[in-house]
Amino acid sequence: MDVYQTEEEQVESIKKWWAENSRSIFFGVGLGLFAIFGWQSWKEQVRTHAVEASDVYLQLEKSIKDSQNDAALLLATELDTSYADTPYASLAGLQKAKVEMEKGDRAAAAKTLEKVASTAGNNSIQHIARVRSLRIRIGSGEMEAVIADIDSVIAEKNGVNPGEFIGQYEALKGDAYRLLGDVEKARFGYIAALRTATLDRRLIQLKLDDLGPPPASFADDSSAAVNAETEK
């Protein structure tokens, strides 16, 4: 994936890609149905399903734009239940979490994002959802648990590979340590993030600068930490 400045640009790129390639994707998924229903029947079924999902998602976006949050939540639920086999379901999950945050329900938003992270068919959407969920949890005071979860992702446990999102995970570790009052571990987190981040580099640098100048021993500690990571 290309380098983007924000998560929203990534999401918009994925939506654009889906709009351009949905026909071929449905074709691949539906080949097995062809022998059962016949070409014309299958083609019409796929087309109708895709158009319906797209229409519901457009209604969802309009509801959010018009601040009709209750309607937006209902539409997001419809996409999740009736069109779970399309990428619109995971995109709707991202939108649903935004609405839940606006309504002040942080726990519901985190839960929605965690579901997207575990079910989305697109790896980038999975990571975007997970990063947003972790960010919400940090805001709710779950710093230690978030650090443990991020370490698990970075170590590629449970089959999760951070890929190009590793910089965002490292930056979140920096945020968590900063809120815990561990300035030096926060510094390590932000420096690690700057080495690999493709998003929000300016913001990460500002957070690092805000920690103040490092102690005289920091250079040696930093080298030791890098060597330890290399030996793993």
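Predicted model: local features only at pLDDT ≥ 70, side-chain atom pairs only at ≥ 80, totals over all residues.

Q: Why is the pair of Y57 and Y88 called tilted?
A: A search of the whole structure finds 1 aromatic pair. The ring centres of Y57 and Y88 are 5.7 Å apart, and rings pair if their centres lie within 6.5 Å. Their planes stand at 40°, whereas stacked requires under 30 degrees and edge-to-face over 60, so the pair is tilted. Because Y57 lies in helix α2 (residues 39–65) and Y88 in helix α4, the pair ties together parts that are 31 residues apart in sequence.

Q: How do you know whether Y57 and Y88 are buried or exposed?
A: Y57 has a relative accessible area of 3% and Y88 a relative accessibility of 12%; with buried meaning under 20%, Y57 is therefore buried, and Y88 counts as buried too.

Q: Why is α6 called roughly antiparallel to α7?
A: Helix α6 (residues 123–139) and helix α7 (residues 143–154) pack at an angle of about 155°, with their axes 8 Å apart. Angles over 145 degrees count as roughly antiparallel, so α6 is roughly antiparallel to α7. The contact is made by R130, L134, R137 and I138 of α6 together with M143, A145, V146, D149, I150 and V153 of α7, and by class it has 7 nonpolar, no polar and 3 charged residues.

Note on methods:
Residues numbered from 1 in each chain as written. Heavy atoms only, no water. Axes fitted to C-alpha atoms, helices over the stretch in contact; angles between N-to-C directions. Helix = DSSP H or I, 4+ residues; strand = E, 2+ residues; numbered from the N terminus. Parallel < 35°, antiparallel > 145°, perpendicular 65-115°, else oblique. Contact = heavy atoms within 4.5 Å. Nonpolar A, V, L, I, M, F, W, Y, C, P; charged D, E, K, R; others polar. Phe/Tyr/Trp six-rings, centres within 6.5 Å; stacked < 30°, edge-to-face > 60°. Buried < 20%, exposed > 50% of the residue type's maximum accessible area, 1.4 Å probe, protein only.
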